[in-house]
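Here is a short note for a colleague meeting this structure for the first time. Please read the points with the model open beside you.

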Amino acid sequence: MDVLVIGAGMVGAACAYYCAAAGLRVGVVERGAVASGTTSGGEGNILVSDKEPGAELDLALLSVRLWASLGERFGADRFELQAKGGVVVARTAAAATGLADLAARQRACGVDAVDVSSAELASLEPNLTRDVVGGAHYPQDMQVQPMLAAAELLRQARSLGATVHTGTSVIGFTRGGVRTSAGEMSARWVVNAAGTWGGEIAALAGAPVPILPRRGFVLVTEPLPTVMRHKVYSADYVANVASDDAGLETSVVVEGTSAGTVLIGASRERVGFDRHVSLPVLRRLAAEAVALFPFLAEVNLLRGYLGFRPYCPDHLPVIGQDPRVPGLVHACGHEGAGIGLSAATGHLIAQTLTGATPDLDLAPFRPDRFAREVVG
Amino acid sequence: MSFSFAGKEIVFGAGQSVGAALIAAGYRSWRTTRHDGAPRGVFCGIGVCFDCLVVVNGRPNQRACLTEARDGDEIEPQEGTGHAHLAC
Amino acid sequence: MPTSRADIAILGAGPAGLAAAVAAHRAGARVTLLDGAARVGGQYWRHRDGDNGAGHHLWSTLHRLRETPLDFRPGHAIWHVERTDDGFTIHTAAGEVLSRTVIVATGAYDRQLPFPGWTLPGVFTAGGAQALLKGHGVVVGERVVVTGTGPFLLPVAAGLAEAGARVLGVFEAGSPLGFARHPAAVARNLGKLTEGAAYLKTLRRHRVPFRPRRTVVAAHGDDRVRAVTVATLDDTWRVVAEQRIECDAVAVGYGFTPQLEIPLQLGCDTHLDVDGSLVATADDRQRASVPGVYLAGEVCGVGGAQLSLVEGELAGRHAAGAALDKRLVRRRTTLRAFAVAMHRTYPVRPGWQSWLADDTLVCRCEEVPVREIQRSIVDFGATEPRTVKLLARPGMGLCQGRVCGYATACLVASAGTRSVTAGDLLGLSARPIAAPITLGALAEQQVEEA
């Protein structure tokens with residue numbers, strides 16, 4: 001085997017697909033089921049809008065283009081890929097100013113960001129509250145159904161010769177590969193795509209990477225007709241993502257789905273892997289969603305789910321070969337942007353492993369970039 | 001006592017649910033599903049299956065089997081999600 | 001929205017909950033009894049105002065229990081129960097209740113197996129036909145076919161026949177003569193046999209045929225059911241012969257499965273019971289695995305109303321700190337043995353999957369056909385029901401898998417040539433939101449701090 005990918009979530013699936021498509025012999029090991037980790041707790045965001053200029057935005061711009069290609073290649077309906085665009089809403093003058101400033105800086109990096117007035121917001125989203133100051137429209141933002149996307153990419157990888165082993169845990173690393181619950185597997189490269197558990201895998205390999213969980217909840221409404229045309233979120237979302245606060249941060253994100261349900265996020269808390277439903281979080285998300293879309297007050301909540309975003313202290317993922325352990329490659333730590341960034345991640349990993357020059361400089365995502373104290 | 005349903009007067013007894021009254025009046029379905037447009041009425045009769053959804057005084061997604069019929073109610077069949085007026 | 005306090009909150013006012021509430025009250029506890037319905041009685045004692053008890057069982061017991069003055073809150077459908085430092089906060093559609101202890105007695109509902117045409121209007125669950133008759137005085141049709149498996153088919157058919165419907169037959173998929181393999185359990189519960197015998201007598205009087213090894217494998221019609229195919233089954237439940245019967249209603253049930261939302265919200269242990277249903281695990285004092293939580297009745301194992309009454313009384317007494325009643329414990333043992341014997345007499349056999357066509361809907365809410373479930377297994381390599389749910393959407397609709405959960409788990413296990421596990425059913429059972437609540441109501445909720 002050339003490449004053994006640890007993790008059959010969105011990022012692992014993308015790595016498997018792009019490596020297989022590049023002619024490498026690929027195996028995937030997953031301790032649970034396909035996409036049973038954070039991928040099944042996500043919303044399916046593929047965004048450029050929520051990223052400050054920098055390495056992550058560059059990654060996102062590449063990834064959005066690759067997602068569009070994947071949609072063309074396999075059929076967007078296969079995984080409910082929708083090029084619906086994003087609308088960011090500012091409800092105070094300060095938020096509007098901050099948003100306009102961010103949009104200008106993003107445009108300078110190649111993002112298609114259009115400033116919109118409150119009147120334009122009303123025609124973009126007729127069901128939105130009229131109590132808004134202004135906003136921005138990002139036509140490049142997309143949405144996908146993450147389970148279907150991961151499953152489909154793995155299926156494509158299998159049709160290119162990859163093997164997928166679910167229910168198989170990695171319990172150690174060897175000179176030439178890994179030791180699993182189903183025996184040893186050898187490979188030239190091992191890709192750590194274990195998401196929120198990427199830190200555990202990295203530690204097993206003797207190359208620690210400081211990935212920690214950041215819990216998020218999503219509310220799901222009863223099915224509705226098309227009530228929102230774009231992904232809609234509040235302008236304080238970006239500040240939220242970049243925050244280091246351990247307490248509860250919420251910033252409303254609302255979008256429709258192909259199935260008709262509306263998904264409502266987003267909350268961020270550092271509570272380890274606590275899986276208990278937190279009613280205060282659900283209440284806050286419900287209140288913020290109703291403030292943005294008043295009709296939601298009369299709509300029933302169907303269910304809620306949670307997931308643990310994998311984050312690194314500097315809010316950038318780890319992508320690329322690990323200089324500390326030959327043959328070890330990382331592709332994890334995407335913190336809430338894993339779905340969107342998976343296509344670029346998989347593509348860049350495949351380029352790296354086939355000796356091609358990666359389309360992006362991977363230095364900002366180096367696995368060994370953390371100061372010793374941080375890793376601990 | 002009676003309620004209106006799709007323009008007709010449906011007589012009911014005290015304590016009967018909307019679903020029971022509609023069945024007694026000869027109806028077996030009062031909504032269509034959102035994908036196939038298939039007719040549905042009461043299935044489980046005890047509020048578990050959510051098949052018997054009907055619009056009660058303007059509110060959609062009410063389980064007919066659990067909703068006690070009241071004199072003067074306006075009951076309407078439900079199409080799909082029941083929220084068509086929100087579509088944009 | 002009001003907030004109230006109690007020592008013990010009892011969730012569900014059927015036989016178990018009512019018995020628990022009375023026992024706890026008599027032992028001196030401050031009790032609040034909650035139910036979503038307008039009356040006590042649950043499913044077993046569904047009745048109308050002015051009902052004289054004819055056609056009901058254990059009616060005098062219901063009366064005796066109802067006489068006890070209790071704090072009963074009707075119309076309090078529970079959407080979430082939360083553990084707090086002081087006990088529990090019970091979130092209902094009509095306000096919050098805080099209590100130190102909870103007794104979960106949320107009962108069970110009909111278990112279903114899909115078959116072609118089962119979504120046609122006029123096809124009811126056996127429990128639904130019963131609820132409409134007993135609770136609302138409505139007969140589901142003029143030519144009714146009663147089918148499925150289990151002793152519950154008899155009272156449903158007898159009730160319909162007594163109410164004037166023409167019951168074309170009781171088509172029981174199993175062969176209950178297997179009951180004879182459990183003589184000891186049966187002998188200690190002769191009263192149950194007489195109950196069954198009485199129903200059969202009623203059916204004979206109305207000339208309703210009882211046919212074992214037969215069941216409805218398809219329903220036919222346009223906007224409602226007009227006919228069914230009744231099959232003769234072999235002992236794995238595969239079809240060996242078929243017959244078409246014209247009818248205007250079907251009442252179908254394949255046993256029962258507990259309402260587990262609240263025990264699961266609280267993190268209680270569950271296990272797979274003898275009948276293949278997922279049930280909450282209770283110890284000999286009716287305690288769940290989570291401190292302060294008690295369980296009684298069908299929620300911790302389907303076993304009938306008498307067992308529910310005994311477990312309710314035990315739970316109520318223990319929750320209130322009263323001493324163990326050895327006589328009650330012995331009665332529970334006897335009744336549980338009988339329940340086990342019943343379950344073993346009426347198993348669900350895997351051949352039912354051969355009745356399905358590719359386009360037979362498995363998930364009624366999301367209209368997911370067999371072919372979509374198979375696609376997620378075959379094309380996407382899904383090996384667990386939770387993965388299938390996330391890919392093909394069975395269990396994602398309004399009923400959140402209550403109706404299709406068991407069938408989906410069976411289909412997935414069978415594709416993996418293995419049996420259904422508790423984990424399979426768990427993956428389709430967790431519901432943080434147990435009853436509908438609007439986003440507006442959730443947003444406005446204020447809960448008094450203790």
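**Notes on chain A**

1. Both faces of β6(A) are covered. Gly134(A), Ala136(A) and Tyr138(A) are buried on one side, and Gly135(A) and His137(A) are buried on the other. Buried here takes 20 or more other C-beta atoms within 10 Å of a residue's own, with C-beta atoms placed from the backbone. Strands are DSSP runs (E, at least two residues), numbered from the N terminus.

2. This is a predicted model, where local features need pLDDT of at least 70, side-chain atom pairs count only at pLDDT 80 or more, and totals for chains, interfaces and linings use all residues. Residues are numbered from 1 along each chain as its sequence is written, and chains are lettered from A and ligands numbered from 1 in the order in which they are written.

3. Strand β6 spans residues 134-138 of chain A, and 5 of its 5 residues are buried, so the rest of the structure largely encloses it.

4. Pairing requires at least two DSSP bridges between two strands.

5. Elsewhere, look at an open, antiparallel sheet of 3 strands, in the order β9-β10-β11 (chain A). β9 (170-174) and β11 (183-186) of chain A are at the edges with a single partner strand each, so one side of each has no neighbour in the sheet.

6. β9(A) pairs with strand β10 (residues 177-180) of chain A over 4 antiparallel bridges. Thr174(A) stands opposite Gly177(A) in β10(A).

Note on methods. Buried ≥ 20, exposed ≤ 12 C-beta atoms within 10 Å, placed from the backbone.
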